[in-house]
Amino acid sequence: MIRLYLVLAAALAGGAAATAQTVTTRLDAVPEAPEIDKTTQTEDVQFRNGTDDRMTVPVRLSGAGPYQFLVDTGADRTAVSRDIVSKLKLVSGGGAQLHSISGVSSISTARIDAVQLTRTPEAVDAAVLEKANMGADGIVGVDLLRSQRVQFDFEKQTMSIVPSAMPDFGYEPGTIVVRAKRKNGRLVVTDAIANGERLTVVLDTGSQVSVGNQALRRRLLGGDSLIDVDKSVVLESVTGQKVVGDYMMVREMTIGGIGLTNLAVVFSDVHTFKQLGLDKKPALLLGMNAIRAFKRVSIDFANKKFRVVLPERSEVDVRLASRDGS
């Protein structure tokens with residue numbers, strides 16, 4: 001989870017969009033999905049926007065609450081605030097090592113017997129962190145989502161939790177499916193190109209803005225791919241530590257056949273890249289400023305798929321290349 005310590009006035013740049021690179025699009029031949037029995041298989045929960053554009057959802061802890069938790073597909077461990085641990089008198093789960101953007105920290109954990117995001121509660125050893133550093137009562141990490149599929153509907157402002165074995169949302173015009181891999185619990189897309197070169201993209205709903213490493217920045221400097229807006233920002237980790245980065249605009253990038261133009265990116269060699277073994281090659285943490293550009297998003301951890309429905313219009317220019325290359 002990444003917070004911007006200095007709030008940016010506009011995370012998404014306006015102005016004329018550059019022309020997206022034409023690539024071959026991979027569309028799944030998906031028939032209309034059967035209706036899901038929503039009384040037993042899924043639960044839609046309203047999410048609300050935080051002041052920094054991330055999402056929080058109501059979560060019950062052993063029957064108490066609900067508390068507002070961030071949904072962070074870039075966090076391998078669920079976390080809970082120290083205040084709630086004290087209030088609910090949660091049992092200590094011992095210590096653990098926590099990887100954040102700023103490095104590795106020794107943290108304490110608390111045993112939660114029933115974390116109820118949907119109708120089926122799960123037990124976890126949650127990291128104990130400060131609410132002020134998380135910006136919420138807690139964090140929903142991939143340890144709670146690894147066998148599920150998370151579906152975001154940004155028009156209806158809802159999130160659905162569905163077992164991965166159930167059909168995904170039905171096909172509609174503008175639907176594209178990107179194959180992914182799992183690395184340290186996170187979903188990673190390797191079918192991505194910037195400035196004609198390959199890069200690795202990590203899906204990160206816990207980050208307000210997309211973050212690129214210096215290897216990607218150096219690769220993009222080779223052409224007319226970057227717009228330097230001459231602004232430095234401070235990224236704040238869940239442990240309260242801060243990392244400085246340079247705020248720039250990437251004119252063009254394609255991810256699984258989706259062309260993104262005018263994408264705001266903060267460039268910094270945060271620890272996450274080293275943790276994932278991505279510090280030496282071009283890589284990007286795809287944050288909420290990019291993910292919210294879509295109409296609907298499905299992140300399937302078990303089946304390793306990232307499915308999106310393209311919007312009719314978006315603040316980030318999103319383009320889908322045609323199959324015939326026209």
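At 34% relative accessibility, Arg 219 counts as partly exposed, a label for anything between buried (under 20% relative accessible area) and exposed (over 50%), using a 1.4 Å probe and protein chains only. This is a predicted model, where local features need pLDDT of at least 70, side-chain atom pairs count only at pLDDT 80 or more, and totals for chains, interfaces and linings use all residues. Residues are numbered from 1 along each chain as its sequence is written, and side-chain values use heavy atoms, with hydrogens and water left out.

What does Arg 219 pair with? Glu 197 forms a salt bridge with Arg 219, and their closest N and O atoms are 3.4 Å apart. A salt bridge here is a side-chain nitrogen of Lys or Arg within 4 Å of a carboxyl oxygen of Asp or Glu. This pair links distant parts of the chain: Glu 197 sits in strand β16 (residues 197–203), Arg 219 in helix α3 (residues 214–220), and they are 22 residues apart. Helices (H or I, at least four residues) and strands (E, at least two) are DSSP runs, numbered from the N terminus. Glu 197 is partly exposed too, with a relative accessible area of 36%.

Side chains of opposite charge can pair when their charged atoms come close. A search of the whole structure turns up seven salt bridges. One of them joins the side chains of Asp 246 and Arg 217, at 2.7 Å from N to O. Asp 246 lies in strand β19 (residues 242–255) and Arg 217 in helix α3, so the pair ties together parts that are 29 residues apart in sequence. Arg 217 counts as buried at 17% relative accessibility, while Asp 246 is partly exposed at 25%.

Lys 131 and Asp 137 also meet in a salt bridge, at 3.2 Å from N to O. Here Lys 131 is partly exposed, with a relative accessible area of 40%, and Asp 137 is buried, at 13%.

## Rings in pairs

How many aromatic pairs does a search of the whole structure find? It finds two. The rings of Phe 152 and Phe 154 have centres 6.0 Å apart and planes at 20 degrees, so that pair is stacked. For the cut-offs, rings of Phe, Tyr and Trp (its six-membered ring) pair if their centres lie within 6.5 Å; planes under 30 degrees apart count as stacked, over 60 as edge-to-face and the rest as tilted. Phe 152 and Phe 154 are both buried.

In the other pair, Phe 294 and Phe 306 have ring centres 6.5 Å apart and planes at 80 degrees, so they are edge-to-face. Phe 294 is in the loop between α5 (288–291) and β22 (296–300), and Phe 306 is in strand β23 (residues 305–309), twelve residues apart. Both of these residues are buried.

## Cores and the whole chain

Now for the inside. The largest nonpolar core has 60 residues, and Leu 61 and Val 297 have the most contacts inside it. Such a core is a set of buried Ala, Val, Leu, Ile, Met, Phe, Trp, Tyr and Cys residues joined through side-chain atoms within 4.5 Å. Strand β20 (residues 258–267) gives the most to this core, with five residues. Apart from it lies another core of 18 residues, including Val 233 and Met 249.

Overall, the chain has five helices and 24 strands. Of its 326 residues, 56% count as buried.
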